[in-house]
Amino acid sequence: MTSLEWVDQELENLKNEGRYVPIRILETSQGAHVKIEGKEVLNMCSNNYLGLANNPEVKKAVVEAIDEYGIGAGAVRSIAGTMEIHMKLEEKVASFKHMESALVYQGGLLANLGTIPVLVGKEDVIFSEELNHASIIDGMRLSSAKRYVYDHMSVENLEKNLKEHRKEGKRSLIVTDGVFSMDGDIAPVKEIQELKDKYDTMFYVDDAHGEGVLGKNGRGIVDHFGLQGKVEIEMGTFSKALGSMGGFVAGSQKLIDLLKQRARPFLFSSALNPGDTAGVLKSIEIMERDDSLVKKLWENANFLQKGFRDAGFRLTSTKTPITPVVIGDEKKTLELSNYLYKNEGVFASPIVFPTVAKGVARIRVMPSAVHSKDDLKRTLEAFENGAKALKIM
């Protein structure tokens with residue numbers, strides 16, 4: 001047996017269990033319609049909520065930034081990689097989020113990996129939501145802090161954990177996703193903020209799926225709940241609603257100063273490319289200008305979710321445009337996804353274990369502001385046809 005023969009068995013197991021997900025390759029720009037394997041398909045699984053990934057204004061800003069600053073920053077931020085355009089973006093993000101300051105990272109995952117270990121260490125304690133994103137989990141592991149997981153959406157269970165374990169740490173951190181990406185529900189941020197004050201703990205919200213979706217002009221979950229200035233740390237990503245790449249953390253000026261001295265992705269990985277940085281700047285400017293894209297996103301989401309429920313499909317208790325159609329069985333979920341792609345020209349990827357728990361496999365449908373009503377009607381018809389053909393409903 002060679003040293004890597006086990007890989008064959010692992011792949012075979014994934015296929016037998018219905019957990020081997022095919023990766024489709026897009027041959028065009030991101031949008032409501034894309035080309036895959038030479039044919040145009042309706043794209044219903046992208047995080048491009050506002051359609052900004054292919055927005056003409058954003059593309060123009062990227063090209064102009066490349067002309068001015070080149071294609072790469074050329075160094076880590078702490079040595080020679082901090083450009084004027086990075087500072088402009090950080091000022092824009094802080095203003096947009098109503099925070100004192102912000103720090104831009106190369107990605108949302110790196111924002112969590114870089115920030116959480118600066119906030120807490122081995123003498124401290126973290127209270128983490130049960131369904132937090134993998135990047136939060138990895139950030140907690142890197143911190144070496146003691147960790148307690150509280151039940152999904154349960155403020156009562158969080159308080160129980162705080163009562164029992166808060167004193168075990170010198171410093172304490174509550175961390176939660178703002179919007180849970182696989183179910184579409186929204187964290188009870190207002191109630192958690194009240195517990196934060198009661199138990200003398202920091203509060204960190206990962207708003208990756210709230211940026212551009214919730215709050216005034218898409219400012220996110222803290223704005224959605226009217227809690228500006230009451231949540232110390234907001235993290236977000238630029239790769240979803242803002243259509244580009246990168247991530248950020250917003251907070252007090254002193255916190256950002258400390259992150260610049262200690263956050264490892266800031267210190268040891270080259271800075272965000274100028275083009276990506278300019279794209280984000282322009283996307284925020286578009287969102288600030290008016291809320292028409294956010295309104296269209298919600299209009300499309302409400303139409304689609306009502307259509308699925310009226311047709312008898314099982315959705316989660318989503319409170320956002322995220323529209324998970326729960327099938328349950330992994331193999332049937334993959335079969336339906338393949339049917340939609342091959343027979344209906346609808347691109348909607350399956351979500352199976354370990355991304356979600358076993359038995360609740362789903363196709364997460366993602367409407368956007370650039371989908372037409374005809375696109376949404378076609379999606380609903382395609383799902384109904386697939387469910388009947390495969391005897392799923």
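Predicted model: local features only at pLDDT ≥ 70, side-chain atom pairs only at ≥ 80, totals over all residues.
Figure 1. Helix α7 itself covers residues 155-165. Its buried residues are V155, N157, L158, E159, N161, L162 and H165.

**Figure 2. The whole protein chain, shown for orientation.** The protein chain contains 15 helices and 13 strands. Along the principal axes, its C-alpha atoms fill a box of roughly 60 × 55 × 55 Å. A compact globule with 393 residues would have a radius of gyration near 21 Å, and the protein chain agrees with this, having 21 Å. Of the 393 residues, 55% count as buried. The accessible surface of the protein chain comes to about 17,600 Å², and carbon and sulfur atoms account for 50% of that area. Of the contacts between residues at least 6 apart in sequence, 71% join residues at least 24 apart.

Figure 3. Three strands, in the order β1-β2-β11, make up an open sheet with mixed pairing. Strands β1 (33-36) and β11 (346-347) form the edges, each pairing on one side only. Helix α15 (residues 373-389) packs on this sheet and touches β1, β2 and β11. The direction of α15 makes about 90° with that of β2. Strand β2 (residues 39-43) runs parallel to β11, and two bridges join these strands. Within this pair, L42 stands opposite V346 in β11.

Figure 4. Most residues other than glycine have a negative phi. E37, which is not a glycine, has a positive phi of about 55°. This residue belongs to the loop between β1 and β2. With a relative accessible area of 60%, E37 is exposed. K391 is likewise a residue other than glycine with a positive phi, near 55°. K391 is found in the segment after α15. Its relative accessible area is 68%, so K391 is exposed.

**Figure 5. The crossing of helices α5 and α10.** Helix α5 (residues 108-119) packs with helix α10 (residues 253-262) at an angle of about 105°. The axes of the two helices lie 10 Å apart. With this angle, α5 and α10 are roughly perpendicular to each other. On the α5 side, the contacts involve T115, V118 and L119. These residues meet L255, L258, L259 and R262 in α10.

Figure 6. Three strands in the order β10-β13-β12 form an open sheet, and the pairing is antiparallel. The edge strands are β10 (323-328) and β12, each of which pairs on one side only. Strands β10 and β13 run antiparallel and are joined by five bridges. In this pairing, P324 stands opposite R364 in β13. Helix α13 (residues 292-310) lies across β10 and β13. The helix runs at about 25° to β10.

**Figure 7. The cis peptide bond between F353 and P354.** Most peptide bonds are trans. The bond that joins F353 and P354 is cis, with an omega of about 10°. P354 has its place in the loop between β12 (350-351) and β13 (361-365). These two strands also belong to the open sheet of β10, β13 and β12.

**Figure 8. A134 in helix α6.** Helix α6 covers residues 134-143 and includes A134. A134 counts as partly exposed, at 46% relative accessibility. A134 and Y49 are separated by 85 residues in sequence. In space, the distance between these two residues is 21 Å, C-alpha to C-alpha.

Definitions and conventions. Residues numbered from 1 in each chain as written. Heavy atoms only, no water. Buried < 20%, exposed > 50% of the residue type's maximum accessible area, 1.4 Å probe, protein only. Helix = DSSP H or I, 4+ residues; strand = E, 2+ residues; numbered from the N terminus. Pairing = 2+ DSSP bridges. Contact = heavy atoms within 4.5 Å. Axes fitted to C-alpha atoms, helices over the stretch in contact; angles between N-to-C directions. Rg over C-alpha atoms; globule rule 2.2 N^0.38 Å. Areas by Shrake-Rupley, 256 points an atom, 1.4 Å probe, with all protein chains shown as cover. Parallel < 35°, antiparallel > 145°, perpendicular 65-115°, else oblique.
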